[in-house]
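Let's take a friendly tour of the aromatic rings in this protein. Please have your viewer ready.

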Amino acid sequence: MESGAAPAEQPVKRKHVVREYAESIIIAVILALFIRTFIVQAFKIPSGSMEDTLAIGDHILVNKFIYGTKIPFVDGRFLKIRDPKRGDVIVFEYPEDPSKDFIKRVIGLPGDKVQVINKRVYVNDKPYVIPQEVHKENDLVPAAQNPRDNFGPFTVPSNSYFMMGDNRDRSYDSRFWGVVKNNQIKGLAFIKYWSWDRDNFSVRWRSIGTLIH
C-alpha cells in the first residue's frame with residue numbers, strides 16, 4: 001500500500017479589513033431600509049393635537065405592514081392583515097403637503113356619515129364619544145367662522161378616512177382639510193419607545209413602553 005504525503009491545506013484568504021467593514025455597513029443599511037420601508041418606522045410627535053394620548057416629545061413606533069405593504073411605483077397594497085378601523089391612531093401623509101407626516105385618530109370609515117354639533121361628534125347619526133378625546137376650549141365656534149365645533153354632515157368617500165385629533169379644540173384635521181386616502185396612510189401607531197419633556201427638560205419615564213390606544 002503506497003503512502004503519500006497529505007495534501008497541503010489551502011490557507012483561508014482573509015478579506016481586507018476595509019472591505020469587511022464596507023460589506024457590514026452595506027448589509028446593515030439595506031436591512032434598516034427594508035425594516036423602515038415595510039415593517040416598522042419611528043416618528044416623533046411635534047404638536048399637541050393628540051394630547052393627552054400623545055404629548056409633544058413622544059417618540060413612537062408605527063406598524064407599516066398591518067394595512068398592507070406599499071410597493072414603490074405600484075398601485076395598491078399587498079399582504080394586508082386588515083383595513084383601518086374606527087379608533088385606530090395612524091400616521092399618514094398630510095394631504096395638502098405629502099412631504100409632511102400627520103398623526104390622528106380614525107373617526108369615519110368609507111361610507112360613514114360624520115357630523116359635529118357643538119363639539120359633539122356623531123357617526124351615522126349616533127354620538128361617537130371616546131375616553132381619549134379632550135376639550136381645552138370653552139367657547140363654541142359658529143360654523144360660519146370655521147368648522148371646529150360645527151361641521152357637516154359629511155359622507156366619507158370610498159377608499160378614504162375621516163381623521164380627528166384627540167385634542168379636539170386644538171387639532172387641524174379632516175374638519176378643515178378633508179379626508180385621507182388609503183394610499184396616503186403610512187401605518188398604525190402602537191407604542192411609545194421614548195418621551196422627552198422639553199419644557200421641564202426631563203424624561204417622561206412612565207410613558208416609555210406605553211401602548212397607544
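What follows is a short report on a predicted model, starting with the overall picture and ending with its ring pairs.

The protein has two helices and 14 strands. Of its 213 residues, 38% count as buried. Among the contacts with a separation of 6 or more, 58% are between residues 24 or more positions apart. The accessible surface of the protein is about 13,300 Å², and carbon and sulfur atoms hold 58% of that area.

Now to the rings. Searching the whole structure gives twelve aromatic pairs. One of them joins Phe92 and Trp177, whose ring planes meet at 50°, so the pair is tilted. Phe92 belongs to strand β5 (residues 89-93) and Trp177 to helix α2 (residues 174-177), so this pair ties together parts that are 85 residues apart in sequence. Phe92 is buried, at 0% relative accessibility, and Trp177 is buried too, at 9%.

Another pair, Trp196 with Phe201, is edge-to-face. Here Trp196 is partly exposed, with a relative accessibility of 28%, while Phe201 is exposed at 68%.

The geometry of these two pairs can be set out as follows.

| Pair | Centre to centre | Angle between planes | Type |
|---|---|---|---|
| Phe92 and Trp177 | 5.9 Å | 50° | tilted |
| Trp196 and Phe201 | 5.0 Å | 80° | edge-to-face |

Which residues do ring pairs link into a cluster? They are Phe92, Tyr94, Phe102, Tyr172, Phe176 and Trp177. Both rings of the tilted pair, Phe92 and Trp177, are therefore members of this cluster.

Notes: Residues numbered from 1 in each chain as written. Predicted model: local features only at pLDDT ≥ 70, side-chain atom pairs only at ≥ 80, totals over all residues. Heavy atoms only, no water. Phe/Tyr/Trp six-rings, centres within 6.5 Å; stacked < 30°, edge-to-face > 60°. Helix = DSSP H or I, 4+ residues; strand = E, 2+ residues; numbered from the N terminus. Buried < 20%, exposed > 50% of the residue type's maximum accessible area, 1.4 Å probe, protein only. Contact = heavy atoms within 4.5 Å. Areas by Shrake-Rupley, 256 points an atom, 1.4 Å probe, with all protein chains shown as cover.
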